[in-house]
Amino acid sequence: MTRLIRTVVAFALSLACVAALPGAANATVYAQIEGTGSTWSELIVQQWIADVDANGMKVVYTGGGSTKGRKDFAQDSTDFAISEIPYQGTDEQGQADTSNGRDYAYLPIVAGGTAFTYQLKIGGELVRNLRLSGETIAKIFTNKITNWNDPAITKDNNGRKFPSMPIKPVVRSDGSGTTAQFTTWMDHEYPSIWRPYFGQSGLTSYYPKNGGQMISQAGSDQVMNTIKGFAGNGTIGYVEYSYPLNADYPVVKVLNKAGYFVEPTQYNTAVALTRAKINQDKSSQLYLTQILDDVYTNPDPRAYPISSYSYMIIPTGDDDPRMTTAKRQTLADFMYYSLCSGQTKAGPYGYSPLPLNLVQAGFDQIAKLKKADGAVDLTDRDVKSCNNPTFDGKNLSHNVLAEKAPQPAACDKVGAGPCGTATGTNQPSTDENTGGGEGGGATGGDTGGSDGAGGPAAAGDAPTAIDPDTGLPVAGDATTSSGEAVYANPTELVANRAVDQRTFGWLAVLELCALVLLPGFYVAALRRRRATKAGGRP
Amino acid sequence: MRRVVLIGLALLGLAAPAAAGAQPAGDAGVEGFRGSGASAPSHLNHREARTPRDGWRATKTLTRQFVQPDGSTYSFPSSTVTVTADQTTNLRGRQRILITWKGAQPSGGRASNPYGENGLNQEYPVVVMQCRGIDDPSLPQRKQLRPETCWTASVVQRSQVTRSEGEASWVHDLDATEEQKGRLSGLDPFPTAEECPAADIDPYFTKLTPFVTAKGQTFTACDADHMPPEAAVDAAFPPAEIAAFTDTDGTGSVQFEVRSDVENESLGCNDKVACSIVVIPIVGLSCDQPSAPMTRSDQACRKGGRFPAGSSNFANEGADQAVSPALWWSPSNWKNRFSIPITFGLPPDTCDLLDPRPPTGFYGSELLAQAALQWAPAYCLNEKRFKFQLNQMPDIAGWKLMESGNGVAAEVSSEHPRTGPDPVGYAPTAVTGFAIGYQIDKPDNAGEYTHLRLNARLIAKLLTQSYLGSDLGRGHPGIGDNPLAIMADPEFIKLNPGLSQNAQEAGATVLSLSNSSDVIEQLTDYVAHDRDAMAFIHGKPDPWGMVVNPKYKNIDMPRADWPMLDTYVPETQNSCRQDNPAVYFSQLAAPVSTMRDIADALLDSWPNVQTRCEKDLGTGLYKLGRIDRQSYGSRFMLGIVSLGDADRYGLRSAALEAKPGTYVEPDTRSLAAAVQLARQEKVHHPFVLDQGDVRRSGRAYPGTMIVYTAARLQNLAKDDAARVAQFVRVATTEGQEPGSGNGELPGGFLPIEKTGVTAKLFDAAQQTADAIEAQRSAPSGPGDGPSASSGDGGSGGGVTPPGVPEDGEPSTAPEPSAAPTTPPMAVEMPATEPVGSNLAGGLLPLLILLGAIGCVTATALRVAAPVVRRRR
């Protein structure tokens, strides 16, 4: 009898092994999802897609611009879209910009700064620390300022004068969310400059090109190519910060409300967006969309004014023609990864991670997929399991990143500097010791500690600078003055030019010949003269 | 006795899952491309090695028949068609299978794009599609294939809705039943007017071919709203089903992309649901006895085509329905099918999404992308390992992240200058490289060109933007007489005879990377080691008189980023271009940021040339954009791709010139030959492949690259150091096992092994892994990590004799590790640059010469004057 029991137990155990071993990891069934839209956020989305491949998810994303993304979604030809702006109802051309009846929800996926990258060369050397105020930028992109030697630009750069060269703005030719974000900012902050140029008020996804030197290109990649090109000297264009970062190209430090010129690093973007007003009305179709008015005028000295979020548009209808359980599951899990672990790489890629409250709200939106289809499994996919080290578990609306963001360097203040540090390197320009060399990720602690009042000392009129050689604090003035000294207008030195070498080479040969031959000729001539004289007398 | 049974039972139970688990690994072993030593063909593409193993082949005789008005039967000459497939088992989604045929009726009216609905207006094509089920009458109905389980991406490919009588040839199909010959057919009961308003309109004819999904749901396919969700216009993946072209000699081939249930859930093919590839050579409908006089549909059924064999139909004019691919489902076509049963492999185990371990990111080279996709699950699925992620970015960006401590390690493929205080070790991780991928059709619809050869000067011409692209480029100063594109260049024609010489804009460029990359560095290094290429770049015309674009004359090589140096904006009357003044040659080149984008562009034969200028109807603005996809039969595109991508997507790779006159394709043998030439200068340093050696060898592939895991040897956190070391060790051992399973090495890579030419890489990797793990803060000699490998790997070039303190960077140890950072980096004075002016350069000697002449004349006069005076 016991033997029989043992047999049964052994058999049952072995069966259990069969049942338990495989399958556990494969419990979820995925199907491929595809989307189109923004090139602003494309670089990080493509990386997320490569990451989730290990989880068995197949996601296909093609850029093409936010407008195309919204349109494709409305025509049921994609499973999701990514766009910087919500459906406009009616776009600036008077055409319908709606989802065409398809149920959807917005989901913020990543934050970032719209950067102005440029090519400006002095004596063949790329300027890497250009500073511009918002007003100057608006005037450049409306053909009001057309030369790099414009006094407004000189003033922004604290008296540093640039050579006389026409400014060639590069804009997007396709319907673009980057354009929409940029024009929203201009419309809000500089209506008197923007509206007369546009001929109406409000934003546009298609940049209006009214003559002048403007060049339009399709997609962020091509904008970047145009600016980087040799013919690009004098160009300036707008793209997400990740593009110049990848291309190792400088970006403009933009003047913020506190009077500092700042770069759109993950820190400065995060600080700026602490003032973003997010639509919290869950019943609204615009739930979670952004109102950036206060971001533009954020008084924090670290804030980058043209910061924004990028959104995914997901289908929420229970009768959505394209969605199945497997596809909804893929979409939900792809977003779970992106909102959690995926955010950790936002900084290195030139974006900025989402604050936790938005991640949590994002989960509410993902939950709508389960509402549409009960078979979608969202077990344990919540903020608690969210693997994101930038979050503060106790206070969800805290953005830890914004707190540890370093204060801008004194030389970045209006009327000071400009700083000599290069932009487009993903390194914050600061006087604080952020320990860039050692484990940058772990610096949260020492940022606050390094100079006591450090972090929130805010306005930081003259934060202490550290001398690179001695490691001792130096007076802010010293930095400033040294900065000015360096940035006096460069004079071209005429030594060692290729052409001169050639020319003077020949000249040297000629002179050498002359040196050898002329005395001989001279003597010969003298003799002949003497000879003739002599010959004349006899 | 009973005990024996008991143990046996238990063992059986345990063995079952073990066997299941072992299966993919076992298969993978067979599938590898470890062809280096064997006699088997050693192409990097698995494909060619596979053919004999699990290929498929069948022959059928196909005949079109008409029943004549008198009741007799007229038979057209039969064609005996043989169809082969190169691989049919253990497939993965999106894998491409080579299907070839011979003996088929030559096709006519070639479409510019034969896929999906674009291929319908062709005559006598071969329809290739994927269907669920297999052709086996012994199986239950639901496991058999039928037209209703065959996938098409559009309605018009499967249904004929409200056709006039002249377009209803199928109602006279000889093999059709009476029902199938009706005015309305295909679905019983026929959909109601509410459901399909356009379907039933008297007197028009409608035949529906509904689609039945894997779950049993039926889509009526009467309009786009009644199609499965995957059948969307402009879907991310273009349709796979194709109406392929048979050449005039009766042969043809197609790389058919299979879709698993992950890509196409409705079709639903996976390891459990069997599927088939159905190949239907269209010979034309067989027709029943016509009425007298013949009705219009009788006539339609008997049509024989309006396009001559081998012709093109790029205007997409209508084809004769009876010989078009649109009626593939009609019984007399359907009975001619070849059904190739295919099986999908088990899906690989995947990482758990809820795994609480934070991922450890390695940053850098895209060359490793395909390997990283297969390797990642082998890390997350193992409790003892960490969660590996490869974050692809330009090599230099990854390097900087690693140096600054924001990334634990970088993946690079050449030496990078050290900017941080810590020494860095390079551990060889994979051997792969880049290829010049291409997609070129032979003229007159004679199929694809498969033996492209390129030399360094041709690459130099492409890179330096010395081709004109089109007449717009003719005005470019200094090079107006150059060929428009590479296909019109006599040097290219001599090397690759028999191709069309009609210049296309896409032929003026090779799609390349916009950002800095080690791949570009190696490519330009290859060019820089070619005398002819450098002579060309230095301004010497080639034997046919082509000269370098002056903007690129004397450009420094090698270099990691390729700049857009041209400034020429064509003058034109075109108001769109006047409105968008752009540098024409930069628009032709239009580099992109990842090699993956280049692979996609090649797959779609969609060049990234941005010269299209048109008015946007929505906004009324003129805008620039990308040109159209290229037409089948006249494709010509070149792009720089990784060998991993080339293998994964079945892209063709050009043979590059090594020894003068010798052209080397990337394969295991040529990669191994290149590794043999690579040398390591110092321990922990990268190996250097001297292109000069490659040019002398004649066997080594110039695009071979070794990818290294680079990590700091000091001040890396202990956990991170252990992970990086583990990664290097695992990647160079089990990660080098060729196969398509988790943790294995995909195609396009040369396995690093303990013996043979790659032994030195293996040894160097173990050595550097030990050093990374040790993170010697004080110099402690290499003996501490008892590395078994450094002992037996005596053959390796890079083994340091013991006792010498790891001499990678001796000077760095005393350096203060905590240097104060990011101070306002003081001075950034623009470097004094040579400023040249050719005018002045030319004028100056002239002036001096004038002066000299003046001097001489003056002297001469002075000397001569007295003489003259005297004579007077």
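How many bridges pair strand β1 (residues 56–62) of chain B with β4(B), and in which sense? Seven bridges pair them, in the antiparallel sense. Two strands pair if DSSP finds at least two bridges between them.

1. Ground rules. This is a predicted model: local features need pLDDT of at least 70, side-chain atom pairs count only at pLDDT 80 or more, and totals for chains, interfaces and linings use all residues. Residues are numbered from 1 along each chain as its sequence is written, while chains are lettered from A and ligands numbered from 1 in the order in which they are written.

2. Chain B overall. Chain B has 20 helices and 29 strands. Helices (H or I, at least four residues) and strands (E, at least two) are DSSP runs, numbered from the N terminus. Chain B has 872 residues, and 51% of them count as buried. Buried means 20 or more other C-beta atoms within 10 Å of the residue's own; exposed means 12 or fewer, and partly exposed lies in between, with C-beta atoms placed from the backbone. Take the contacts in chain B between residues at least 6 apart in sequence: 73% join residues at least 24 apart. A contact needs C-beta atoms, placed from the backbone, within 7 Å.

3. Strand β4 of chain B. This strand covers residues 79–85. In a regular strand the side chains alternate between the two faces of the sheet. Here Ser79(B), Val81(B), Val83(B) and Ala85(B) point to one face and are buried. Val83(B) is the bridge partner of Ala58(B). Strand β5 (residues 96–102) of chain B also runs antiparallel to β4(B), joined by four bridges. There, Ala85(B) has Ile99(B) as its bridge partner.

4. A four-stranded sheet in chain B. The sheet is open, with antiparallel pairing and the order β12-β6-β14-β15. Its edge strands are β12 (242–244) and β15 (338–342), each pairing on one side only. Neighbouring strands are turned by 25° against each other on average, direction ignored. Strand β14 (residues 275–281) and β15(B) run antiparallel and share five bridges. Cys275(B) has Ile342(B) in β15(B) as its bridge partner.

5. Helix α17 (residues 718–731) has 14 residues; at 1.5 Å a residue it should span 20 Å, and its end C-alpha atoms are 20 Å apart, so the two agree. The expected span is 1.5 Å times one less than the number of residues. Buried residues of α17(B) include Asp720(B), Arg723(B) and Phe727(B). The axes of α17(B) and α18 (residues 759–774) come within 8 Å and cross at roughly 170°. The two helices are therefore roughly antiparallel, a term for angles over 145 degrees. Ala721(B) and Val728(B) of α17(B) are among the residues making the contact, as are Ala765(B) and Ile772(B) of α18(B). By class, the contact has eight nonpolar, two polar and two charged residues.

6. Strand β3 of chain A. Phe80(A) and Ile82(A) point one way from β3 (residues 80–83), Ala81(A) and Ser83(A) the other way, and all are buried. Strand β1 (residues 33–37) of chain A pairs with β3(A) in the parallel sense over three bridges. Gly35(A) stands opposite Phe80(A). Strand β17 (residues 307–315) of chain A runs antiparallel to β3(A), with three bridges. Ser83(A) stands opposite Tyr311(A) in β17(A).

Conventions: Contact = placed C-beta atoms within 7 Å. Axes fitted to C-alpha atoms, helices over the stretch in contact; angles between N-to-C directions. Parallel < 35°, antiparallel > 145°, perpendicular 65-115°, else oblique. Nonpolar A, V, L, I, M, F, W, Y, C, P; charged D, E, K, R; others polar.
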